[in-house]
Amino acid sequence: MKALWKGSISFGLVNIPVRLYSGTSPHRIDLDMIRQKDQCPIQYVRVCKKDGKEVPWDEIAKGYRKENGDYVVLDKDDFKKASPEKTQTIDIFEFIKEEEIPSKYLEKPYIIEPAKEAKKVYALLREALKKSEKVGLCKFIMRTTEHLGILKVEDNVILLIQIRFNDELRDPGDAKIPSNIKITKKELDMALSIIDQLTGKFEPAKYKDTYKAELIKMIKKKATAKSETKEPAPRKRRKTTAAKDDLLEQLKASLAAIKN
């Protein structure tokens, strides 16, 4: 793995030199946009919306659009003044119970590896977090941006989980959520029966990205094919229940399908 960040964890008066690695491996497959008839790669250009002319990089600035359509132009100095002071430290400023953090705040995991000379103090923090059953709330700077995170222990490794700031979350009240809907006891009991039937233990290794696997298989097949490939058969659509059908009947049918 390639380290994304090098610095230290600030734990009271203790500094722990560490390296940060991404805790995820995206399932993205890199695909280029091409012209279909001759497979010519497509190139994007920066074009002025007014005159259609290409604009070189040295003439491009960044601006904030006001309500009247005018722009406030920002230069490099403006960004430097607004940027947080760049540090190479993960600063723990508070310890909390992990269950106090709603899942909607969790964003991105990183793996923390200690430097050779910091193995003991790393182990000390790890054991202290385990024993206290708490996580360390911290701030850190990455690529000129300040982030909020928690340090937690999992599988004997200290993980840094980036979390969202509160003002990044949208208010669910802005969505049209149904209320005062009458649910009968029979409907609720049937729904609970379905949940009971489908209840299992979370085993992440069981869940595979089937779309990525199928796409890679298709790419390999097309790359080695000597003749025209047949179009894949259309997927069978699941039979949907008409809106007029009774909800209780739908629940019964769902439960019967699970049992069979």
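1. Contacts of Arg19. In this predicted model, Arg19 touches Ala3, Trp5, Lys6, Ile111, Ile112, Glu113, Pro114 and Ala115, leaving aside residues up to four places away in sequence. Arg19 belongs to strand β2, which covers residues 14-22. Its relative accessible area is 30%, and Arg19 is therefore classed as partly exposed. Arg19 and Lys2 are separated by 17 residues in sequence, and their C-alpha atoms are 9.5 Å apart in space.

2. Glu113 is partly exposed, at a relative accessible area of 32%. In the whole structure, 10 salt bridges are found.

3. As for accessibility, Lys152 counts as buried at 12%, Glu98 is partly exposed at 31%, and Glu154 is partly exposed at 38%.

4. Leu148 in strand β10. Leu148 is found in strand β10. Is Leu148 buried or exposed? With a relative accessible area of 14%, Leu148 is buried, because the limit for that class is under 20%. Leu148 touches Phe93, Cys138, Lys139, Phe140, Ile161, Gln162, Ile163, Arg164 and Phe165, again leaving out residues up to four places away in sequence. Leu148 and Pro17 are 131 residues apart in sequence, and the distance between their C-alpha atoms is 19 Å.

5. Ser8 in strand β1. Ser8 lies in strand β1, residues 5-11. Ser8 is buried, with a relative accessible area of 12%. Beyond residues up to four places away in sequence, Ser8 touches Asn15, Ile16, Pro17, Val18, Gln88, Thr89 and Ile90.

6. Helix α2. This helix runs over residues 119-132, which makes 14 residues, and reaches 20 Å from its first C-alpha to its last, close to the 20 Å expected at 1.5 Å a residue. Its buried residues are Val121, Tyr122, Leu125, Arg126 and Leu129. Seen down the axis of α2, these buried residues fall within an arc of 145°, so they line one face of the helix. An α-helix has 3.6 residues a turn, so residues three or four places apart point the same way. On the face of α2 turned away from the buried side are the exposed residues Lys119, Lys120, Leu124 and Lys131. After α2 comes Glu133, with a positive phi near 55°.

7. Helix α5. The helix covers residues 247-259, has 13 residues and reaches 19 Å from first C-alpha to last, close to the 18 Å expected at 1.5 Å a residue. Which residues of α5 are buried? They are Leu248, Leu251 and Leu255. Seen down the axis of α5, they fall within an arc of 60° and so line one face of the helix. These buried residues pack against α3.

8. Ile181, Ile183, Leu188, Leu192 and Ile195 make a nonpolar surface patch of about 490 Å². One of them, Leu188, lies in helix α3, residues 185-198. Leu188 is partly exposed, with a relative accessible area of 47%.

9. Positive phi in two loops. Most residues other than glycine have a negative phi. Gln39 is not a glycine, yet has a positive phi of about 60°. Gln39 lies in the loop between β3 (34-35) and β4 (40-41), and counts as exposed at 61% relative accessibility. Asp155, also not a glycine, has a positive phi of about 55°. Asp155 is placed in the loop between β10 (145-154) and β11 (157-163). With a relative accessible area of 73%, Asp155 is exposed.

Technical notes
Residues are numbered from 1 along each chain as its sequence is written. This is a predicted model: local features need pLDDT of at least 70, side-chain atom pairs count only at pLDDT 80 or more; totals for chains, interfaces and linings use all residues. Side-chain values use heavy atoms; hydrogens and water are left out. Patches are made of residues with over 30% relative accessible area and no salt bridge: like charges are joined within 9 Å, nonpolar side chains (Val, Leu, Ile, Met, Phe, Trp, Tyr) within 5 Å. Accessible areas come from the Shrake-Rupley method with a 1.4 Å probe; for residues, only the protein chains shown count as cover. A salt bridge is a side-chain nitrogen of Lys or Arg within 4 Å of a carboxyl oxygen of Asp or Glu. Helices (H or I, at least four residues) and strands (E, at least two) are DSSP runs, numbered from the N terminus. Buried means under 20% relative accessible area, exposed over 50%, partly exposed in between (1.4 Å probe, protein chains only). The expected span of a helix is 1.5 Å times one less than its number of residues. The arc is that of the directions from the helix axis to the C-beta atoms. Contact means heavy atoms within 4.5 Å.
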